Amino acid sequence: MRVESIRTHLQPYRIHARRSTTVNHAFASAIAPADAFAIDRVRTAISLLGQDPDVDLACVYCGLPAETWDHLRGLVVKRNFSGYGHVLGNLVPSCKPCNSRKGSKDWRAFLESTPADRSTRARREALIAAYVAEYLPEPLTVATFEDRCPELMAEFSAIRMEVLALLARADDVAAAIRAAQVGLARRADASPTSSTPSSARPVVASAPPILSGKRRTAMSDNDEITKMDWVWLSADAIEQFKAWRIQGGATAASASSYATGARSFVHYCRGLDKDPSSAIEDFYKNLARNSGITPRARSDYRSHARAFVRFLSATSRQRGSVGT
Ligand SMILES: [Zn+2]
């Protein structure tokens with residue numbers, strides 16, 4: 001280990017950056033269906049896996065003693081529910097090393113990567129395939145959920161958004177607490193929002209400043225927080241923008257198309273030293289340079305960018321901020 005590696009530790013812990021994946025994972029997992037425990041059915045299923053249900057189970061991937069149950073198909077794909085649940089055909093006995101090495105990989109691909117000889121691997125694959133064919137239901141889709149209970153899904157999505165926004169807000173407050181400890185009140189000294197208590201500052205300002213590469217290298221306390229806001233924006237805002245559109249009555253397809261425009265806009269805004277609301281027209285003009293984009297798509301993208309900026313300002317108001 002080199003001495004420079006301490007660098008990543010010499011910085012404040014970011015609640016949102018470090019925990020948003022956990023939150024998204026938990027929300028996706030929570031709507032996944034689960035089988036009831038029925039011992040006879042479990043025993044029959046385990047026999048189909050070629051194992052004796054009366055003795056200790058073996059890892060389906062490597063044959064060593066199993067210590068846990070692995071989800072053959074992960075519950076979460078790109079922060080959303082994958083369609084596969086906590087059900088018998090999706091749970092297999094596994095040793096801990098295989099479970100962690102497999103991660104979200106496809107089970108067949110993972111089996112291929114194990115060191116067993118070809119015929120052993122083929123036998124294991126056939127057993128798992130038979131188990132899956134018999135016990136794993138067809139995957140559900142998020143669209144089905146939205147058809148069956150649109151209000152609940154919208155509420156659930158809004159709660160997730162609120163939790164993530166609270167984590168980001170906690171980071172904002174934590175940064176102010178840290179600054180207070182070392183007497184660094186630079187933000188209050190210099191900024192025009194000095195009379196605003198930090199806890200009331202918008203977490204995502206309606207027009208968050210976007211840092212240029214140059215400014216990133218010389219960050220003040222204030223910049224740190226602003227940069228955090230921007231990280232939050234890039235990582236989650238698009239998903240939340242989609243949820244917000246759906247909540248406002250848009251169809252999933254329309255929300256996705258708005259998200260595409262917003263993503264392109266966010267991409268464009270990166271590295272610009274101006275706020276998003278004033279970047280919209282430049283973004284629109286810049287799209288004209290891309291011959292692959294029709295005039296119609298260009299104006300659609302501009303509407304999407306405008307809606308996205310409205311979303312940013314609405315979410316900052318929602319948190320009781322004073323705006324900018
Ligand atoms: Zn194993």
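**Close-up 1. Helix 1 and helix 7 cross in a right-handed way.** This is a predicted model, and here we're looking at helix 1 (residues 15–30) packed with helix 7. Their axes sit 10 Å apart, at an angle of about 165°. With angles over 145 degrees counting as roughly antiparallel, that makes helix 1 roughly antiparallel to helix 7. On the helix 1 side, the residues that do the meeting are Ile-15, His-16, Arg-19, Ser-20, Val-23 and Phe-27. Their partners in helix 7 are Arg-160, Val-163, Leu-164, Leu-167, Ala-168, Ala-170, Asp-171 and Ala-174.

**Close-up 2. Helix 7 by itself, 32 residues from end to end.** From first C-alpha to last, helix 7 reaches 46 Å, close to the 46 Å you'd expect at 1.5 Å a residue. Which of its residues are buried? Among them are Met-161, Leu-164, Ala-165, Leu-167, Ala-168 and Ala-176.

**Close-up 3. The largest nonpolar core, with 25 residues.** Phe-241, Ala-262, Phe-265, Ala-305 and Phe-308 are the members that touch the most others. Where does this core come from? Helix 7 (150–181), helix 10 (221–247), helix 11 (252–269), helix 12 (276–287) and helix 13 (295–318) each put in at least two residues. Zoom in on Ala-262: setting aside neighbours within four places in sequence, Ala-262 is in contact with Ile-238, Phe-241, His-304, Ala-305 and Phe-308.

**Close-up 4. Another core, apart from the largest one.**

**Close-up 5. Lys-78 and Arg-79 in the loop between strand 2 and strand 3.** Strand 2 covers 76–77 and strand 3 covers 80–81. Most residues other than glycine have a negative phi. Lys-78, though, has a positive phi, near 45°, and Arg-79 has a positive one as well, near 70°. Are these side chains' positions buried or exposed? Lys-78 is exposed, with 8 other C-beta atoms within 10 Å. Arg-79 counts as partly exposed, with 16 C-beta neighbours inside 10 Å.

**Close-up 6. Stepping back to the chain, with its 13 helices and four strands.** The chain has 324 residues, and 27% of them count as buried. Take the contacts between residues at least 6 apart in sequence: 72% of these join residues at least 24 apart.

How values were computed:
Residues numbered from 1 in each chain as written. Predicted model: local features only at pLDDT ≥ 70, side-chain atom pairs only at ≥ 80, totals over all residues. Core = buried A, V, L, I, M, F, W, Y, C linked by C-beta atoms within 7 Å. Buried ≥ 20, exposed ≤ 12 C-beta atoms within 10 Å, placed from the backbone. Contact = placed C-beta atoms within 7 Å. Expected span 1.5 Å × (residues − 1). Axes fitted to C-alpha atoms, helices over the stretch in contact; angles between N-to-C directions. Parallel < 35°, antiparallel > 145°, perpendicular 65-115°, else oblique. Left-handed = near helix turned anticlockwise from the far one by under 90°.
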